[in-house]
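Biologist: I have the sequence and the model open. Can you take me through the charged pairs and then the strands?

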Amino acid sequence: MKVGIYTNIHKDKNLSVTKKLIESFLNCGIECYAYESLSSYVVCNGYFSESDNVKLDMLLAVGGDGTLLSISKWCAVHKIPILGVNLGKLGFLTEAEPNDLDTLAKNIVAENYSVERRTMLCAQLDDRKFYALNEIVIARRNVSKMIMLKVNIQDAPVDNHYCDGFIVSTPTGSTAYSLSAGGPVISPTANVFALTPINSHSMHSRPIVLGDDEKIDITLQARANDAMVIADGKNVCVLPEKKTIRIYKAPKHALFVRLNKNGFYERLLRKLNTWSLTPGEEV
(Lines give C-alpha, C1' and ligand atoms only; values in the text may rest on other atoms or scores of the structure.)
Protein backbone atom coordinates (compact mmCIF):
# COMPACT_ATOMS: atom_id res chain seq x y z
CA MET A 1 0.00 0.00 0.00
CA LYS A 2 1.22 3.50 -0.86
CA VAL A 3 0.12 6.60 1.04
CA GLY A 4 0.95 10.24 0.38
CA ILE A 5 1.68 12.77 3.13
CA TYR A 6 0.62 16.38 2.54
CA THR A 7 1.51 18.70 5.43
CA ASN A 8 0.71 22.32 6.22
CA ILE A 9 4.10 23.39 7.60
CA HIS A 10 2.50 26.39 9.28
CA LYS A 11 0.48 23.99 11.44
CA ASP A 12 3.17 21.34 11.97
CA LYS A 13 6.08 23.76 12.33
CA ASN A 14 8.72 21.31 13.51
CA LEU A 15 7.14 18.44 11.51
CA SER A 16 6.93 16.31 14.65
CA VAL A 17 3.45 15.01 13.76
CA THR A 18 4.44 14.34 10.15
CA LYS A 19 7.56 12.42 11.19
CA LYS A 20 5.59 10.40 13.75
CA LEU A 21 2.95 9.66 11.10
CA ILE A 22 5.56 8.42 8.63
CA GLU A 23 7.24 6.32 11.33
CA SER A 24 3.95 4.71 12.37
CA PHE A 25 3.00 3.84 8.80
CA LEU A 26 6.44 2.54 7.84
CA ASN A 27 6.44 0.31 10.94
CA CYS A 28 3.19 -1.19 9.66
CA GLY A 29 4.71 -1.96 6.28
CA ILE A 30 3.03 0.89 4.40
CA GLU A 31 5.06 2.87 1.85
CA CYS A 32 5.06 6.62 2.49
CA TYR A 33 5.53 9.34 -0.13
CA ALA A 34 5.78 12.92 1.14
CA TYR A 35 4.83 16.07 -0.77
CA GLU A 36 7.84 17.52 -2.59
CA SER A 37 8.13 20.54 -0.25
CA LEU A 38 9.08 18.12 2.55
CA SER A 39 11.91 16.44 0.65
CA SER A 40 14.64 18.22 2.65
CA TYR A 41 13.04 17.50 6.03
CA VAL A 42 11.63 13.97 6.17
CA VAL A 43 12.89 10.54 5.14
CA CYS A 44 10.45 8.20 3.44
CA ASN A 45 10.04 6.02 0.34
CA GLY A 46 9.85 8.96 -2.04
CA TYR A 47 8.22 12.28 -2.87
CA PHE A 48 5.45 13.52 -5.14
CA SER A 49 4.06 16.75 -6.59
CA GLU A 50 0.72 17.76 -8.05
CA SER A 51 2.22 17.59 -11.54
CA ASP A 52 3.13 13.90 -11.12
CA ASN A 53 1.00 11.09 -12.48
CA VAL A 54 1.34 9.44 -9.10
CA LYS A 55 -0.48 6.28 -8.03
CA LEU A 56 -1.31 6.57 -4.34
CA ASP A 57 -3.83 4.41 -2.50
CA MET A 58 -4.57 7.15 0.04
CA LEU A 59 -3.45 10.66 0.99
CA LEU A 60 -3.04 11.93 4.56
CA ALA A 61 -3.51 15.69 4.93
CA VAL A 62 -1.80 16.99 8.08
CA GLY A 63 -3.21 20.37 9.15
CA GLY A 64 -6.73 21.76 9.45
CA ASP A 65 -9.81 21.80 7.27
CA GLY A 66 -8.17 24.34 4.96
CA THR A 67 -5.25 21.98 4.36
CA LEU A 68 -7.63 19.20 3.37
CA LEU A 69 -9.59 21.53 1.08
CA SER A 70 -6.45 22.77 -0.65
CA ILE A 71 -5.45 19.28 -1.83
CA SER A 72 -8.96 17.82 -2.25
CA LYS A 73 -9.38 18.89 -5.88
CA TRP A 74 -6.13 17.19 -6.89
CA CYS A 75 -7.14 14.04 -5.02
CA ALA A 76 -10.53 14.05 -6.73
CA VAL A 77 -8.93 14.23 -10.17
CA HIS A 78 -6.69 11.24 -9.36
CA LYS A 79 -9.44 9.38 -7.43
CA ILE A 80 -7.31 9.23 -4.28
CA PRO A 81 -9.13 8.86 -0.94
CA ILE A 82 -8.09 11.52 1.57
CA LEU A 83 -7.87 11.40 5.37
CA GLY A 84 -7.27 14.50 7.47
CA VAL A 85 -5.09 14.61 10.59
CA ASN A 86 -6.25 17.59 12.62
CA LEU A 87 -3.82 20.27 13.73
CA GLY A 88 -6.33 23.09 13.29
CA LYS A 89 -8.83 24.66 15.66
CA LEU A 90 -12.00 22.91 14.50
CA GLY A 91 -11.03 20.10 12.16
CA PHE A 92 -14.61 19.27 11.18
CA LEU A 93 -13.54 17.54 7.97
CA THR A 94 -10.58 15.71 9.48
CA GLU A 95 -10.76 12.18 10.87
CA ALA A 96 -7.80 11.72 13.22
CA GLU A 97 -6.00 13.61 15.99
CA PRO A 98 -2.20 13.64 16.57
CA ASN A 99 -2.48 11.18 19.48
CA ASP A 100 -4.25 8.64 17.23
CA LEU A 101 -1.38 7.97 14.82
CA ASP A 102 -0.34 4.48 15.94
CA THR A 103 -3.97 3.33 16.03
CA LEU A 104 -4.60 5.04 12.70
CA ALA A 105 -1.84 3.11 10.94
CA LYS A 106 -3.09 -0.21 12.35
CA ASN A 107 -6.67 0.53 11.25
CA ILE A 108 -5.52 1.36 7.73
CA VAL A 109 -3.48 -1.87 7.49
CA ALA A 110 -6.44 -3.89 8.78
CA GLU A 111 -8.77 -2.03 6.36
CA ASN A 112 -10.97 -0.91 9.26
CA TYR A 113 -12.31 2.10 7.40
CA SER A 114 -14.85 3.14 4.81
CA VAL A 115 -14.71 5.62 1.94
CA GLU A 116 -17.36 8.34 1.50
CA ARG A 117 -18.09 10.06 -1.81
CA ARG A 118 -18.51 13.81 -1.41
CA THR A 119 -20.16 15.96 -4.09
CA MET A 120 -18.17 18.84 -5.54
CA LEU A 121 -19.19 22.03 -7.37
CA CYS A 122 -18.13 23.41 -10.73
CA ALA A 123 -18.46 27.13 -11.49
CA GLN A 124 -18.24 28.12 -15.16
CA LEU A 125 -17.67 31.65 -16.42
CA ASP A 126 -17.37 31.69 -20.21
CA ASP A 127 -14.79 28.97 -20.96
CA ARG A 128 -13.19 28.97 -17.49
CA LYS A 129 -14.10 26.36 -14.87
CA PHE A 130 -13.40 26.34 -11.14
CA TYR A 131 -14.00 23.51 -8.69
CA ALA A 132 -14.87 23.50 -5.00
CA LEU A 133 -15.61 20.93 -2.31
CA ASN A 134 -17.22 23.31 0.22
CA GLU A 135 -18.72 26.27 -1.60
CA ILE A 136 -18.66 28.81 -4.40
CA VAL A 137 -19.17 32.37 -3.15
CA ILE A 138 -20.05 35.46 -5.20
CA ALA A 139 -18.97 38.38 -3.01
CA ARG A 140 -18.73 42.15 -3.30
CA ARG A 141 -15.25 43.56 -3.89
CA ASN A 142 -16.06 47.03 -2.59
CA VAL A 143 -16.73 46.60 1.13
CA SER A 144 -18.71 49.86 1.31
CA LYS A 145 -21.32 48.89 -1.32
CA MET A 146 -23.80 46.06 -1.67
CA ILE A 147 -24.31 44.25 -4.96
CA MET A 148 -27.44 43.19 -6.86
CA LEU A 149 -27.48 39.54 -7.87
CA LYS A 150 -30.09 37.85 -10.03
CA VAL A 151 -30.45 34.13 -9.24
CA ASN A 152 -32.00 31.58 -11.61
CA ILE A 153 -32.41 27.83 -11.07
CA GLN A 154 -32.90 25.70 -14.18
CA ASP A 155 -33.43 28.94 -16.15
CA ALA A 156 -36.34 29.92 -13.88
CA PRO A 157 -36.03 33.20 -11.91
CA VAL A 158 -35.76 32.77 -8.13
CA ASP A 159 -35.08 36.26 -6.81
CA ASN A 160 -33.00 39.41 -7.06
CA HIS A 161 -30.77 39.81 -4.02
CA TYR A 162 -29.46 43.19 -2.89
CA CYS A 163 -26.78 41.82 -0.62
CA ASP A 164 -23.11 41.39 0.30
CA GLY A 165 -22.89 38.16 -1.65
CA PHE A 166 -24.27 34.70 -2.25
CA ILE A 167 -23.14 31.20 -1.26
CA VAL A 168 -23.73 27.99 -3.20
CA SER A 169 -22.81 25.16 -0.85
CA THR A 170 -22.44 21.39 -1.03
CA PRO A 171 -23.53 19.23 1.91
CA THR A 172 -19.87 19.14 2.95
CA GLY A 173 -19.74 22.95 2.95
CA SER A 174 -23.05 23.34 4.78
CA THR A 175 -21.18 23.39 8.11
CA ALA A 176 -18.76 26.09 6.93
CA TYR A 177 -19.44 29.62 5.59
CA SER A 178 -23.04 28.80 4.70
CA LEU A 179 -23.77 27.88 8.32
CA SER A 180 -22.32 31.21 9.49
CA ALA A 181 -24.64 33.02 7.08
CA GLY A 182 -27.75 31.21 8.38
CA GLY A 183 -27.81 28.26 5.99
CA PRO A 184 -29.00 24.75 6.92
CA VAL A 185 -26.86 21.86 8.13
CA ILE A 186 -27.10 19.10 5.52
CA SER A 187 -26.20 15.43 5.84
CA PRO A 188 -23.26 14.54 3.56
CA THR A 189 -25.39 11.73 2.08
CA ALA A 190 -28.06 14.15 0.79
CA ASN A 191 -28.06 14.85 -2.95
CA VAL A 192 -28.71 18.58 -2.59
CA PHE A 193 -27.09 22.02 -2.63
CA ALA A 194 -27.85 25.01 -0.41
CA LEU A 195 -28.21 28.58 -1.70
CA THR A 196 -27.58 31.11 1.07
CA PRO A 197 -27.65 34.92 0.63
CA ILE A 198 -25.16 36.95 2.65
CA ASN A 199 -26.76 39.89 4.49
CA SER A 200 -29.59 40.27 2.00
CA HIS A 201 -31.46 43.56 2.41
CA SER A 202 -34.89 41.95 2.32
CA MET A 203 -37.73 40.81 4.60
CA HIS A 204 -38.33 37.60 2.65
CA SER A 205 -34.91 36.36 1.56
CA ARG A 206 -34.21 32.86 2.89
CA PRO A 207 -31.80 29.99 2.13
CA ILE A 208 -33.00 27.52 -0.50
CA VAL A 209 -32.22 23.80 -0.74
CA LEU A 210 -32.32 22.33 -4.26
CA GLY A 211 -31.43 19.08 -5.97
CA ASP A 212 -27.78 18.66 -6.94
CA ASP A 213 -28.83 17.89 -10.52
CA GLU A 214 -30.10 21.46 -10.96
CA LYS A 215 -28.04 24.30 -12.43
CA ILE A 216 -27.74 27.74 -10.81
CA ASP A 217 -27.11 30.94 -12.78
CA ILE A 218 -26.03 34.05 -10.89
CA THR A 219 -25.83 37.38 -12.72
CA LEU A 220 -24.26 40.54 -11.34
CA GLN A 221 -26.91 43.15 -12.05
CA ALA A 222 -25.70 46.43 -10.60
CA ARG A 223 -24.38 48.40 -7.62
CA ALA A 224 -20.74 47.56 -8.29
CA ASN A 225 -18.27 47.42 -11.13
CA ASP A 226 -17.66 43.75 -10.49
CA ALA A 227 -17.77 40.99 -7.87
CA MET A 228 -15.32 38.33 -6.75
CA VAL A 229 -15.78 34.59 -7.32
CA ILE A 230 -14.36 32.56 -4.43
CA ALA A 231 -13.91 28.76 -4.47
CA ASP A 232 -13.22 27.15 -1.09
CA GLY A 233 -11.84 30.38 0.31
CA LYS A 234 -9.60 31.25 -2.65
CA ASN A 235 -10.27 34.16 -5.02
CA VAL A 236 -10.39 32.55 -8.46
CA CYS A 237 -11.76 35.24 -10.79
CA VAL A 238 -13.75 38.45 -11.14
CA LEU A 239 -17.41 38.45 -12.16
CA PRO A 240 -17.97 41.58 -14.28
CA GLU A 241 -21.22 43.50 -14.21
CA LYS A 242 -23.97 41.97 -16.41
CA LYS A 243 -22.07 38.68 -16.65
CA THR A 244 -23.52 35.33 -15.53
CA ILE A 245 -21.72 32.50 -13.80
CA ARG A 246 -23.22 29.00 -13.93
CA ILE A 247 -22.75 26.66 -10.96
CA TYR A 248 -23.54 22.95 -11.08
CA LYS A 249 -22.51 19.52 -9.83
CA ALA A 250 -18.97 18.64 -10.82
CA PRO A 251 -18.39 15.36 -12.68
CA LYS A 252 -15.81 14.27 -10.07
CA HIS A 253 -16.14 13.48 -6.37
CA ALA A 254 -13.92 13.85 -3.35
CA LEU A 255 -13.32 10.59 -1.47
CA PHE A 256 -13.09 10.80 2.33
CA VAL A 257 -11.62 8.01 4.46
CA ARG A 258 -13.81 7.44 7.51
CA LEU A 259 -12.97 5.33 10.56
CA ASN A 260 -16.40 5.82 12.14
CA LYS A 261 -19.42 5.16 9.90
CA ASN A 262 -21.67 7.28 12.13
CA GLY A 263 -19.12 10.05 12.50
CA PHE A 264 -21.02 13.00 10.99
CA TYR A 265 -23.61 13.42 13.73
CA GLU A 266 -21.17 12.66 16.52
CA ARG A 267 -18.79 15.21 15.02
CA LEU A 268 -21.60 17.74 14.64
CA LEU A 269 -22.44 17.46 18.34
CA ARG A 270 -18.86 17.29 19.61
CA LYS A 271 -17.20 19.96 17.47
CA LEU A 272 -19.73 22.54 16.30
CA ASN A 273 -21.49 22.75 19.67
CA THR A 274 -18.34 23.24 21.75
CA TRP A 275 -15.39 24.47 19.65
CA SER A 276 -15.97 28.18 20.30
CA LEU A 277 -16.60 27.85 24.04
CA THR A 278 -14.05 29.02 26.59
CA PRO A 279 -12.61 26.28 28.88
CA GLY A 280 -14.93 27.33 31.70
CA GLU A 281 -17.98 26.97 29.44
CA GLU A 282 -17.20 23.53 28.01
CA VAL A 283 -19.83 20.86 28.60
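Modeller: Start with Arg258, which is buried at a relative accessible area of 3%. Buried means under 20% relative accessible area, exposed over 50%, and partly exposed in between, with a 1.4 Å probe and protein chains only. Before going on: this is a predicted model, where local features need pLDDT of at least 70 and side-chain atom pairs count only at pLDDT 80 or more, while totals for chains, interfaces and linings use all residues. Residues are numbered from 1 along each chain as its sequence is written, and side-chain values use heavy atoms, with hydrogens and water left out.

Biologist: Which residue does Arg258 form a salt bridge with?

Modeller: Glu116, with 3.7 Å between the closest N and O atoms. The rule for a salt bridge is a side-chain nitrogen of Lys or Arg within 4 Å of a carboxyl oxygen of Asp or Glu. Arg258 sits in strand E17 (residues 244-258) and Glu116 in strand E6 (residues 114-125), so the pair ties together parts 142 residues apart in sequence. Helices (H or I, at least four residues) and strands (E, at least two) are DSSP runs numbered from the N terminus.

Biologist: Is Glu116 buried or partly exposed?

Modeller: Glu116 is partly exposed, at 23%.

Biologist: What about Lys243, what does it bridge to?

Modeller: Lys243 pairs with Asp126, the closest N and O atoms being 2.9 Å apart. Lys243 is in the loop between E16 and E17, and Asp126 is in the loop between E6 and strand E7 (128-132), so parts 117 residues apart in sequence are tied together. Both are partly exposed, Lys243 at 29% and Asp126 at 48%.

Biologist: Which residues end up in one network through shared partners?

Modeller: Glu95, Glu116, Arg118, Arg258 and Arg267.

Biologist: And how many salt bridges does the rule give?

Modeller: Twelve. Another one joins the side chains of Lys73 and Asp232, at 2.9 Å from N to O. That pair links distant parts of the chain, with Lys73 in helix H2 (residues 65-78) and Asp232 in the loop between strand E15 (226-231) and strand E16 (234-240), 159 residues apart. Asp232 counts as buried, at 11% relative accessibility.

Biologist: How many residues of E17 are buried?

Modeller: Eleven of its 15, so to speak mostly covered.

Biologist: What does E17 pair with?

Modeller: E6 pairs with E17 in the antiparallel sense over ten bridges, with Val115 having Val257 as its bridge partner in E17. Strand E14 (residues 216-222) also runs antiparallel to E17, joined by four bridges, and Asp217 stands opposite Arg246. Two strands pair if DSSP finds at least two bridges between them.

Biologist: New topic. What is the strand order in the open sheet?

Modeller: E13-E12-E11-E8-E15-E16, six strands with antiparallel pairing. Strand E13 (208-211) and E16 stand at the edges with a single partner strand each, so one side of each has no neighbour in the sheet.

Biologist: Which residue in E11 is the bridge partner of Ile136?

Modeller: Val168. Strand E8 (residues 135-140) and strand E11 (residues 165-169) pair antiparallel over five bridges.
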